[in-house]
Amino acid sequence: METVLLSDSEADLLKAAQLIKNGNIVGIPTETVYGLGADASNEAAVRNIFAAKGRPADNPLIVHLADFSHAVKYTSYIPELAYRLAERFCPGPLTMVLPKNDLIPMVTSGGLDTVGIRVPSHPVMHRIIELSGCPIAAPSANTSGYPSPTSAAHVMNDMNGKVAAVVDGGESEFGVESTVIAIEGESTVRILRPGCITKDMLLELCDEVIIDHAILNELAAGEKAASPGMKYKHYSPKADIIMLEGDLESFIDFVSKHDPENTYSLIYDEDGEKFPFRYMTYGGTSLEQAHQIFAKLRELDEIGAEKVFVRAPSKEGVGLAVYNRLIRAAGFEVIRI
Ligand code: TXA
Ligand code: MG
């Protein structure tokens, strides 16, 4: 299949929307990462998404809507807290897991009786949903297991020849995927995947926010995941990633004793000034690190890095999202130095 690269012009967005309406898959930009979009109610189209990514069939897709008010059409129940969260955070990088109804096929929900609902804020994505008139199922547009794409070029790299088109909407603003939450009882939120809507932001609207165990810990064999995506190795470049947790001095000391000639280090911007070995930086603040992390992991593959020591990010605020992606990229290999 020839993959057409589309621009963000109205005429091209109309083409993208038409392709989706007709059962095709299109790479589409969002404010978090690029997605692979198809009509969420079209089972054949959704199956093609799983095939293009090489994604396990039990890992559910998020359904993207133009406005949260449309969620009533695809769910069987919406708790009051969901409306309050939507008022504050939609459109934006938040996905709420809600009980689904029959308009969402089981293929889309990975066999679950719930569906993740998200209202993206990216104007291009928003316009494509509007023009297509479809609820759009969209996982991140990477090959399953590889780092998520934050540019149209990343999507082309993974999906050229496998999807009908890719829409170039520029670099993704946040760079890590949406915060995925479940609502428990009247006023408790469980974070299933951390993102740029943080625990503290959610706490402004509810009594309790639980960080699911699987966010920082590897699931034991046979342990059930609240979010199926958490059980798979993820976000991994070809390079072997090892996370080192500690200060810069200990980091330099560790690298100096572990084959510095044949490794790369991925460190904070401000670490670069004093760093004596081969390195790349991934930002200073947590927001910058979120924005850059996936692009940097892909870049390390491009330059042929085989082994990479990463200076672990903070686990506070947006940092938790970056940490969660990196700990998976590292296959949970973290060394406290
Ligand atoms: O920012 C994002 O969320 C991006 C953009 C494209 O919207 N999408 C994305 O989709 O990251 P994906 O499929 O790569 O990740 C969705 C995650 C998976 O870990 C999946 O297991 C979880 O959300 N998820 C989806 N529906 C769920 C459900 N009904 N219950 C529990 N977890 C769910
Ligand atoms: Mg993904």
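Student: How far is the sulfur of cysteine 134 from the closest cysteine sulfur?

Tutor: In this predicted model, the closest cysteine sulfur to that of cysteine 134 belongs to cysteine 90. A disulfide needs a pair of cysteine sulfur atoms within 2.5 Å, and the separation here is too far for a bond. The distance between the two sulfur atoms is 20 Å.

Student: Is cysteine 134 buried or exposed?

Tutor: Buried means under 20% relative accessible area. Cysteine 134 has 9% relative accessibility, and it therefore counts as buried.

Student: Which cysteine has the sulfur nearest to that of cysteine 206, and how many disulfides are counted?

Tutor: Cysteine 206, which is buried with a relative accessible area of 8%, is in no disulfide, and the nearest cysteine sulfur, 14 Å away, is that of cysteine 90. With a disulfide taken as two cysteine sulfur atoms within 2.5 Å, the count of disulfides comes to zero.

Student: Into which domains is the protein divided, and what distance separates their centres?

Tutor: The protein is divided into domain 1, covering 4–215, and domain 2, covering 240–336. Their contact takes 26 residues from domain 1 and 17 residues from domain 2. Taken over C-alpha atoms, the centres of domain 1 and domain 2 are separated by 28 Å.

Student: Which element gives the most to the lining of the largest pocket?

Tutor: The largest pocket has a volume of about 820 Å³, and of the 45 residues that line it, the closest to its centre are Arg55, Asn59, Pro60, Ser227 and Gly229. The elements that give two or more residues to this lining are the strands E4 (62–64), E5 (94–99), E6 (114–118), E9 (179–184) and E10 (188–193). By class, the lining has 20 nonpolar, 17 polar and eight charged residues. With four residues, the element that gives the most is E6.

Student: Is aspartate 158 buried or exposed?

Tutor: Aspartate 158 lies in helix H5, residues 152–159, and, leaving aside its neighbours within four places in sequence, it is in contact with Ala141, Asn142, Thr143, Tyr146 and Arg298. Its relative accessibility is 9%, so aspartate 158 counts as buried.

Student: What is the phi of aspartate 259?

Tutor: Aspartate 259 is found in the loop between helix H7 (248–256) and strand E13 (264–267), where it is partly exposed, with a relative accessible area of 42%. Although aspartate 259 is not a glycine, its phi is positive, at about 55 degrees.

Student: What is the phi of phenylalanine 332?

Tutor: The place of phenylalanine 332 is in the loop between helix H9 (319–329) and strand E16 (334–336), and at 24% relative accessibility it counts as partly exposed. Phenylalanine 332 is not a glycine, yet its phi is positive, at about 65 degrees.

Notes
Residues are numbered from 1 along each chain as its sequence is written. Chains are lettered from A and ligands numbered from 1 in the order in which they are written. This is a predicted model: local features need pLDDT of at least 70, side-chain atom pairs count only at pLDDT 80 or more; totals for chains, interfaces and linings use all residues. Side-chain values use heavy atoms; hydrogens and water are left out. On a 1 Å grid over the protein atoms alone, a cavity is a set of points where a 1.4 Å probe fits but cannot get out, and a pocket is an open set with protein on both sides within 12 Å along at least five of seven lines; lining residues have an atom within 4 Å of a point. Grid points are joined across faces, edges and corners, and a volume is the space filled by probe spheres set on the points. Ala, Val, Leu, Ile, Met, Phe, Trp, Tyr, Cys and Pro count as nonpolar, Asp, Glu, Lys and Arg as charged, and the others, Gly among them, as polar. Buried means under 20% relative accessible area, exposed over 50%, partly exposed in between (1.4 Å probe, protein chains only). Contact means heavy atoms within 4.5 Å. Domain bounds come from an automatic or database domain assignment.
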